[in-house]
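I opened this notebook to keep track of what I looked up, and in what order.

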Amino acid sequence: CSALLDALLIGWQPAEVVWTLRDVQTRRGVRRMVVPARVPKRLQRRFVYRDTVPGNPAELRLLTKDAMQDGVPLPERKFIVHTVNAEDDNPYGTGLGLQLYWPVFFKRKGVLAWNKLCDRFGTPTPWGKYPRNATAREKGTLFDALRAFSNDGFVMTPEGTMIELLESKLSAGGETPNQSLVEYMDDWISEVILGQPPRGGSGGALAAAATEREDVRLELSQADSDLLSETLNGTLLRWICELNGLQPCLVYRKVGKESDTKVESETDKNITALGFRMTADGVKKKYGEH
């Protein structure tokens, strides 16, 4: 499941089912069943969608040395493809990577420029001066001394030569434009992945914003989980049931906040004050066996 969720970023993710025979303990005893040994993900570049039958959806095919363009048909019950936001004219889907390309690109450029800025203005550059009538040997001695002093570069000029350093106008300890750019891109990336921009503020506003982001995160997690469950129910689980003669079964995940037992206990206390009584089984189900 973790491997298939790469489709959230890329748009689609194929995986191969490696089947095996295994003895499984059932209510009627030990039974030999066909089960997946592992489901490794495969590289997208090894597959291609082709319109093989007019009017039908595009068919996923495997690229081989003998069929580098159109590929060959896939074996039945062998490959799973998890797709996000697929369309008729785009069976490969559309992942979050399409929206993340530019913020990641600009962030990398900003970090590179930031490092160059720190390298240029963060470390002093040695400057050596030699007399105008200095010999080549004296210049070589000064050169060796400066090179031993700094490996990142130095300056060596005759006496009387004027060198002016264009210093940065940024205040010491202040925020640089590169830092602001990188932080802005981080916020952009978080907004794409989490569905909401970061919220500032403090106190109650900050707590309310954090609660809202948590609700949105849970909703996105539930939506991603439902999409993944739909893929598994239509492929792997259905194949397991068909190969072993089992009744059709489904899987799903329920994503939500953990229940607040303090709030629930106060609610139960208020209901009890109205004359209702909880059963022992109801209490154990809600608060645990002990």
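**Entry 1: a charged pair.** I began with Glu16 and Arg42, whose side chains meet in a salt bridge at 2.8 Å, N to O; the term stands for a side-chain nitrogen of Lys or Arg within 4 Å of a carboxyl oxygen of Asp or Glu. Glu16 belongs to strand 1 and Arg42 to the loop between strand 3 and strand 4, so the pair ties together parts that are 26 residues apart in sequence. I then looked up accessibility, for which buried means under 20% relative accessible area, exposed over 50%, and partly exposed in between, with a 1.4 Å probe and protein chains only. Glu16 is buried at 16%, whereas Arg42 is partly exposed at 23%.

**Entry 2: what the model is.** This is a predicted model, in which local features need pLDDT of at least 70 and side-chain atom pairs count only at pLDDT 80 or more, while totals for chains, interfaces and linings use all residues. Residues are numbered from 1 along each chain as its sequence is written, and side-chain values use heavy atoms, with hydrogens and water left out. The mean pLDDT (the predictor's confidence in each residue, from 0 to 100) is 85 for the protein, and 89% of its residues reach 70 or more. Helices (H or I, at least four residues) and strands (E, at least two) are DSSP runs, numbered from the N terminus. Confidence is highest in strand 1 (residues 12-16), at a mean of 96, and lowest in strand 9 (residues 155-158), at 77.

**Entry 3: further salt bridges.** How many salt bridges does a search of the whole structure find? I noted 11. One of them joins the side chains of Asp6 and Lys41, at 2.5 Å, N to O. Asp6 sits in the segment before helix 1 (7-10) and Lys41 in the loop between strand 3 (29-38) and strand 4, so this pair ties together parts that are 35 residues apart in sequence. Asp6 is partly exposed at 25% relative accessible area, and Lys41 is partly exposed at 44%.

I next looked up Arg238 and Glu242, whose side chains meet in a salt bridge at 3.2 Å, N to O. Both residues lie in helix 6, 4 residues apart, about one turn of the helix. Arg238 is partly exposed, with a relative accessible area of 39%, and Glu242 also counts as partly exposed, at 39%.

Entry 4: The buried residues of helix 6 (residues 236-244) are Leu236, Leu237, Trp239, Ile240, Cys241 and Asn244. Gly245 follows the helix, with a positive phi near 65°. A nonpolar core is a set of buried Ala, Val, Leu, Ile, Met, Phe, Trp, Tyr and Cys residues joined through side-chain atoms within 4.5 Å. The largest such core has 9 residues in all, namely Leu4, Ala15, Val17, Ile80, Leu228, Leu232, Leu236, Trp239 and Ile240. Helix 5 (204-234) and helix 6 each supply at least two residues of this core, and helix 6 gives the most, with 3 residues. A second, separate core of 6 residues includes Trp12, Phe47, Leu62 and Phe79.

Entry 5: The C-alpha atoms of Thr83 and Gln13 are separated by 6.6 Å, although the two residues are 70 residues apart along the chain.

Entry 6: Strand 4 and strand 5 (residues 59-62) pair over 4 bridges, and Arg50 stands opposite Glu59 in strand 5.

Methods. Two strands pair if DSSP finds at least two bridges between them.
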